[in-house]
Amino acid sequence: MTRRGDPRKPTEFQLQAAVMDYIRLNKAPDLVVMHVPNQQASGPRRGAYLKRMGVFPGASDLLLIKRRPRTGPTMYEAMPQVLWLELKAPGKKPTHTQKLFEMAVLHVGCEYRWADNFDETIALLKRGGWTR
């Protein structure tokens, strides 16, 4: 599947699938990664159901959790490192709701990143030690 306007640009689905393929092959030890299926199409009834179940508007596409490297005996270093990763189709930017989610997760000490292309995404995953 490609975008109607420019068949050379990947869709958000294609970007995320490629990133997940890369992560599966190159993930750091002790990495847990999952997709957050927040974009499910739904009617008002299903929307109310999902909201009651805890859907968080604007939640990022991927949640990555890994063991923080230990450098001492403090409790903070025993806590996991958490990255919320939002992937966008090329040229797209996070929505207002996604920016509110970013502020919420940064406030509680998580990392947040977004990217709109494969190379940028892989570079940020490698820099952060999320992949090899």
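How many bridges join strand 2 to strand 3, and in which sense do they run? I found five bridges, and the two strands run antiparallel. Strands are DSSP runs of E of at least two residues, helices runs of H or I of at least four, both numbered from the N terminus; two strands pair if DSSP finds at least two bridges between them.

The model is predicted, so I note that local features need pLDDT of at least 70 and side-chain atom pairs count only at pLDDT 80 or more, while totals for chains, interfaces and linings use all residues. Residues are numbered from 1 along each chain as its sequence is written, and side-chain values use heavy atoms, with hydrogens and water left out.

I then looked at strand 2 (residues 62–66). Strand 1 (residues 32–35) pairs with strand 2 in the antiparallel sense over four bridges. Isoleucine 65 stands opposite valine 32 and also opposite valine 82 in strand 3.

Next I checked glutamine 81, in strand 3 (residues 81–87). Glutamine 81 is buried at 14% relative accessibility. Its side chain makes a polar contact (N or O atoms within 3.5 Å, one able to donate a hydrogen and the other to accept it; residues adjacent in sequence count only if both atoms are side-chain atoms) with the side chain of glutamate 111, at 2.7 Å.

Last, I checked glutamine 98 in helix 4 (residues 96–107). Glutamine 98 is buried at 10%, and its side chain makes polar contacts with those of glutamate 86 (3.0 Å) and lysine 88 (3.1 Å).

Technical notes:
Buried means under 20% relative accessible area, exposed over 50%, partly exposed in between (1.4 Å probe, protein chains only).
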